[in-house]
Amino acid sequence: MRFKLLSGSRGSREASAEEMMKSGVSVKSGAMGIAENTKGLVLAVASGAFIGASFVLKKKGLRKAAIHGTPAGIGGYTYLLEPLWWSGMVTMFIGEVANFVAYIYAPALLVTPLGALSIIVSAVLAHFLLKEKLQNLGILGCVSCIVGSILIVIHAPQEHTLNSVQEIWDLATQPLFLVYVAATVSVVLALILHFEPRYGQTNMLVYLGICSLIGSLTVMSTKAIGIAIKLTLEGISQITYPQTWFFLTVAAICIITQLNYLNKALDTFNTAIVSPVYYVMFTTLTIIASVIMFKDWSGQSASSIASEICGFVIVLSGTILLHVTREQEQSNMQGSLAWYIGEDLIKGIEDEHLNLIHVFLIVSVLIHGTQADTMVTGTVFCDQCKDGQRSIFDFPVNGAKVTLSCADSNGQTIMTREETTNWFGSYTMRFDGAPDLSGCSARVSGSDQGSMGCGEGAGPSQNPKLMFRMFDMEMYTVDSLLAQPAQPLQYCSKSSNPLPPSPKSPPSHFTLPPMPGLPPLPPLPSLPPLPPVIFAEASACSSEKWRMPEYKCYWRGVNRDTKVAVALGMIAARRYGTDITLWHGLQGRGDPYRTLLREGITALLNSYNSFQFSYHPLDVIQHMNMALMGSSRTALLTALRFKRANSGAGNVTCKFTTCK
């Protein structure tokens, strides 16, 4: 019995020692966890400071690059030659490296919300360096974002310990996270392909939505790479795992995409607004991705989850406050554009929701048109020179009647269809079923009052061409049809409307007597001076030059009395009317669209007079039409680009000399 007691006491002492050893290990690992979280916290704070500064540095670089080239917001890449932009990139790289290392030592739900520091840094620096004043509601929105983020950090769950990349791969391939990835990729593709071309210049949520969605996948991939590096440095190599290289590839693609669209957002919108909104969206989506992938909420109490949700609500409230300041930010932006436009009185930007309604109406009409089984589409242009060919003077005709006639093998007409063109000169014919249109031809058959007198004649007919066939639906297109006025315009070449050859005289059967010598002809009067030739070198002249009477001989291709509708097309006629002339358009001032007309006409005249001008005449007309179909902000930006080209951008001068 005594032996048993002794042995029992010895066993208890051994068990107690073992528990003490385990407790010591646990305390040691806990202390290491606290130390690692501290490292991650310091690195995250440093990362926020560097990234916040990089926003301002890159914005200054983008502004300088836009003066000498195409802005990044419309697809330009001249910022790649700007040292200030590269300094911002280096600063951002340092911040991203610090952020990357922070993910190794601390969980994502702790590191990601600390990016709120970049909002404060960028807002303060933008106030002093970019002169972008943040309004009171914007400051309150920033504070709300930070408070909500801190609340999320306080109640963030502890991260699960992962010992290999294979474990992360198992988490990444679980069905729920795969659904999240598929939804993210689908939304990003929709934003890039559909929404960016239409709303990217007016709604910053398009660019920032792409960055944030892709960023949530970037963080998950970065976390996997960080764990792989950490384990490899500890002696457990993860390089041989193919999953490591997969996560590395995904992270590289996502980072490049983020930088591209973040540059566009910074170049188009106010930095003080872009930074907090991007932070809110990026943080929210990253936390959602982390919760789905790592199951962070499993095992948490209801109060902790409720606190995190309250943090989200506060963050979203801050986002709403930031959007309230958007109108004030736009007025500040107009002031920054005033020095480009000169003395024009810039009016307020039109309501963007009205433009969205117009877009949705157009889309609904197109969708309604696609319900037919067979469609035939085309465009009618006014052949002002009556030469049977498209030229830079031709414009789309509204109200032209187009007839499609189909004949059988014997030449008998078996089907006809007539349609009238719209404001854009286009028409659409719809047929039920899938008729054979191989023997059909389209021609201009008449016009109404809206065709501006360009329907007295017609050019050659054209045959429909099958573009595609899918299921039971077919679409045909017709090459451009030509409607012709009664007489060609005066500036057209005479060879475009040749006279009929004179009939040959019958052969003579007798010989005429010799004619007496004619007296010498009097001297011919001196010919008027020829107009100046087109400049082979680059020349750019302002609208003031084109209004001066001593330079009127340089008007070529069009004259002062040419209608805006004739020179620029029906879209311009819809905006400015059919009676305004180019001369009156050059006097335009007072709002973005009059400024656009003045600078667009000036660019058109410069393009006719210099082979080296920045725009071709067709490019001027195309940019004008795109600007008139967009918002007033788009009109302002287009007028700004035209004005920069007309002023020579500091490198090209006006080559005018006084007309004789």
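Predicted model: local features only at pLDDT ≥ 70, side-chain atom pairs only at ≥ 80, totals over all residues.

Mentor: Residues are numbered from 1 along each chain as its sequence is written, and side-chain values use heavy atoms, with hydrogens and water left out.

Trainee: What does the secondary structure of the chain come to?
Mentor: The chain has 20 helices and nine strands, where helices (H or I, at least four residues) and strands (E, at least two) are DSSP runs numbered from the N terminus.

Trainee: What makes E196 and K264 a salt bridge?
Mentor: The term requires a side-chain nitrogen of Lys or Arg within 4 Å of a carboxyl oxygen of Asp or Glu. The closest N and O atoms of E196 and K264 are 2.9 Å apart, and the pair therefore qualifies. This pair links distant parts of the chain, with E196 in helix α7 (residues 175–199) and K264 in helix α9 (residues 242–268), 68 residues apart.

Trainee: How many salt bridges does the structure hold?
Mentor: The structure holds five salt bridges. One of them is formed by K64 with E82, whose closest N and O atoms are 3.5 Å apart. K64 belongs to helix α1 (residues 2–68) and E82 to the loop between α1 and α2. K64 is partly exposed at 44% relative accessible area, whereas E82 is buried at 11%.

Trainee: How do you know that E599 and K643 meet in a salt bridge?
Mentor: Their N to O distance is 3.9 Å, and the cut-off is 4 Å, so the pair meets the definition. E599 lies in helix α18 and K643 in helix α20, so the pair ties together parts that are 44 residues apart in sequence. E599 is buried at 2% relative accessibility, while K643 is partly exposed at 27%. R598, E599 and K643 are linked in a network of salt bridges.

Trainee: How do the axes of helix α18 and helix α20 cross?
Mentor: The axes of α18 (residues 592–609) and α20 (residues 632–646) come within 8 Å and cross at roughly 35°; axes are lines fitted to C-alpha atoms, for helices over the stretch in contact, and angles run from 0 to 180 degrees between N-to-C directions.

Trainee: Why is the crossing of α18 and α20 called left-handed?
Mentor: The term applies if the near helix is turned anticlockwise from the far one by less than a right angle, and right-handed if clockwise. The crossing of α18 and α20 is classed as left-handed.

Trainee: What makes a set of residues a nonpolar core?
Mentor: Such a core is a set of buried Ala, Val, Leu, Ile, Met, Phe, Trp, Tyr and Cys residues joined through side-chain atoms within 4.5 Å. In the largest one, of 67 residues, F177 and L208 touch the most other members, and helix α8 (residues 204–233) gives the largest share, 15 residues. Apart from this core lies another of 35 residues, among them W546 and Y593.

Conventions:
Buried < 20%, exposed > 50% of the residue type's maximum accessible area, 1.4 Å probe, protein only.
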